[in-house]
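Q: I would like to learn how to read a few features of a protein model. Could you take me through them one by one?

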Amino acid sequence: MNHIPRSVAIVGAGPRGLGLVERLVAHCLDRPAPLTVHLIDPRPLGPGFHLPEQPDHLLLNTVCAQLTAFADAEMADGPTPVSGPSLHTWCRQRDLRLADDGYTVREGEGREIRPNDFLPRRLLSAYLAWAAEEITAAAPASCTLVRHRTTAVDIVPGAADTETVVLADGSRLDADAVFVTVGHHTLHEPPAPAADPRLITRPYPLPEALDGIGPGDRVAVLGTGLTAMDVLATLTLGRGGRHTTGADGMRYLPSGREPSIVLTNRSGMPSRSRPRLHPGRVRFAPLVLTPERLDALRAHRPLGRLHFADDVLPLVEAEMELAYYRTLLARETGDAMDAGLELTRRCARVGHESVRADLRARFGPGPVPGILSAGLTDRQWTGYDAYRDWFLGEVAADLAEAEEGLGASPLKEALEVLRDHRDVLRAVIDPPGVDDASLAAFFGEFAPTVNRLVIGPQLDRSAELLALIDAGIVRLGPGPRPKLVAPAGAGPWRLESTCLAEPARMEADHVVQAHLTEPAADRVPGTLLGTLVAAGRLRTLAHRGGTVPGLDVTRQGQGVDRTGAAQPRLFLLGPHTEGSSYYNHYVPSPGVPSRALRDAELALGTALPDLMTRKR
């Protein structure tokens with residue numbers, strides 16, 4: 001037999017680290033072999049940045065039935081001997097119930113938790129910690145897990161084809177391969193001091209980060225995505241306010257401890273709400289946006305690198321348009337499956353361009369063309385009231401589509417293509433990837449647009465936003481691309497319009513930057529990743545001339561050094577590789593292929609080829 005590495009080190013014990021442990025335990029159960037797994041993290045295995053003490057009004061942005069720590073046959077390429085419940089089933093097993101407010105969860109109090117409920121993040125923390133205990137308890141005697149409750153500060157080449165991990169306490173441990181899964185590592189560190197104490201550059205952890213904002217203070221919240229919704233919930237529900245729903249819709253009842261909030265963002269556009277997920281909704285295979293079509297396009301590009309705008313974006317829009325019309329066809333027939341099969345047959349027979357032309361003639365033009373490139377910063381608004389009315393109308397219209405839900409709303413089905421076929425979009429970025437200009441455009445423009453369209457707030461959050469505006473607690477900022485003017489001395493911050501014909505200006509006592517972006521590894525010296533980049537063992541994607549901050553890694557997850565050489569025993573998985581791959585920050589879902597687990601299989605199979613046996 002070939003040499004089987006007898007020890008590996010996993011640096012980082014969040015969901016990605018747990019996924020590696022689960023895969024190792026599964027393979028050791030399937031084919032017992034002596035293996036020592038060093039797990040390095042001062043925090044418990046499993047939860048990562050899902051903190052257990054968070055208040056219930058801070059919600060997950062994935063429904064509870066779509067979250068699991070246990071692999072099944074559809075999720076992973078390898079064996080799956082360790083089974084367990086999804087977050088939804090786990091909650092039901094403990095008789096955890098949801099209160100009328102839509103977010104408070106208590107044992108035995110309230111209604112039963114449903115598969116499509118968005119639950120408090122603290123429950124995912126508890127679930128992942130419990131799942132970690134179950135998974136590690138299932139490890140056979142041949143698999144030894146050694147916990148090191150400290151931080152890794154460096155990784156250096158060791159003797160005899162090994163890596164040496166240097167720990168914060170000065171000790172060292174040798175391993176045949178090291179897997180770095182530190183996740184959103186900079187969020188565990190204190191933020192750099194702001195130039196002005198009234199500027200909050202990182203609004204986590206909540207609510208402590210916002211404690212300096214007093215009742216009645218004026219605060220500008222920069223962003224309208226998930227982080228901004230967390231900030232709004234903390235400054236309203238977290239201050240004792242509550243939402244009520246009656247015959248006249250949702251109303252907000254203030255506590256009197258809220259600040260006065262201005263909500264603004266760069267695009268001036270609202271984030272779209274997550275739609276309701278109807279049971280039995282059919283998820284169709286792509287008709288146009290397929291790996292085979294991408295491979296054919298790569299064959300005609302230098303180095304096999306796609307040009308995103310020319311090669312890929314038209315396929316994405318075509319797939320979205322077909323999904324839109326397929327839903328309209330299903331309305332007519334009353335059978336989504338039959339409508340989907342008929343559309344598939346027609347595309348195979350005459351081509352998708354002809355089918356789309358026929359559908360446009362039959363149903364009229366749809367909303368898909370241009371939806372991925374829509375922008376407002378070149379639009380001149382007559383004044384603040386006109387912009388405000390447009391914004392509120394957009395939120396209300398989207399909320400209606402979200403209430404109709406997946407399987408019913410043609411628009412939401414079209415947008416869901418960006419989630420349903422995320423693995424194909426990942427294949428676009430996977431090596432050989434896209435050309436340099438396309439890499440910058442994908443992560444600078446396309447990915448944020450996708451986040452706004454399909455990774456937006458829960459629909460209840462959008463309804464709450466309208467209620468907060470109606471109650472006068474929140475008002476919108478002065479249109480797209482507002483200019484933020486720092487105070488002179490103790491004066492207020494100012495937000496000034498740039499896209500309104502009649503200028504508008506607002507003042508604030510505090511500013512909250514409610515959009516999280518982790519800096520590139522070379523911008524955070526003193527961290528493990530910063531140290532590895534400074535030493536030349538890793539490099540960021542800056543060498544390609546753009547602004548994508550992720551680390552350069554191979555498809556197998558091996559880090560690439562400053563010379564362009566892959567590190568054979570040093571692997572990196574997770575958010576810090578965004579750019580070398582796409583969408584790395586999520587917990588796996590049951591019953592569907594999991595890129596996180598399959599990436600873990602690929603990396604582990606490269607490091608431990610005799611232990612890791614793929615089933616496909």
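Q: Which residue of S20 is the bridge partner of Val 221?
A: Strands of a sheet pair through backbone hydrogen bonds, either parallel or antiparallel. Here the bridge partner of Val 221 in S20 is Val 512. Strands are DSSP runs of E with at least two residues, helices are runs of H or I with at least four, and both are numbered from the N terminus. Before we go on, note that this is a predicted model: local features need pLDDT of at least 70, side-chain atom pairs count only at pLDDT 80 or more, and totals for chains, interfaces and linings use all residues. Residues are numbered from 1 along each chain as its sequence is written, and side-chain values use heavy atoms, leaving out hydrogens and water.

Q: Over how many bridges do S12 and S20 pair?
A: Two strands pair if DSSP finds at least two bridges between them. Strand S12 (residues 218–222) and strand S20 (residues 510–513) have 4 bridges, in the parallel sense.

Q: What is the strand order of the open sheet?
A: The order is S11-S20-S12-S15-S16, 5 strands with parallel pairing. Strand S11 (199–200) and strand S16 (474–476) each have a single partner strand, so one side of each lacks a neighbour in the sheet. Helix H4 (residues 226–235) packs on this sheet and touches S12, strand S15 (260–264), S16 and S20. Contact means heavy atoms within 4.5 Å. The direction of H4 makes about 170° with that of S15; axes are lines fitted to C-alpha atoms, for helices over the stretch in contact, and angles run from 0 to 180 degrees between N-to-C directions.

Q: How many aromatic pairs does the structure hold?
A: Rings of Phe, Tyr and Trp (its six-membered ring) pair if their centres lie within 6.5 Å; planes under 30 degrees apart are stacked, over 60 edge-to-face, and the rest tilted. The structure holds 19 such pairs. One of them is Tyr 583 with Tyr 586, tilted, at 6.2 Å centre to centre and 35° between the planes.

Q: Is Tyr 583 buried or exposed?
A: Buried means under 20% relative accessible area, exposed over 50%, and partly exposed in between (1.4 Å probe, protein chains only). Tyr 583 has 8%, so it is buried, whereas Tyr 586, at 22%, counts as partly exposed.

Q: Which charged end sits over the ring of Tyr 583?
A: A charge sits over a ring if NZ of Lys or CZ of Arg is within 6 Å of the ring centre and within 35 degrees of the ring normal. For Tyr 583 the charged end is that of Arg 422, 3.7 Å from the ring centre.
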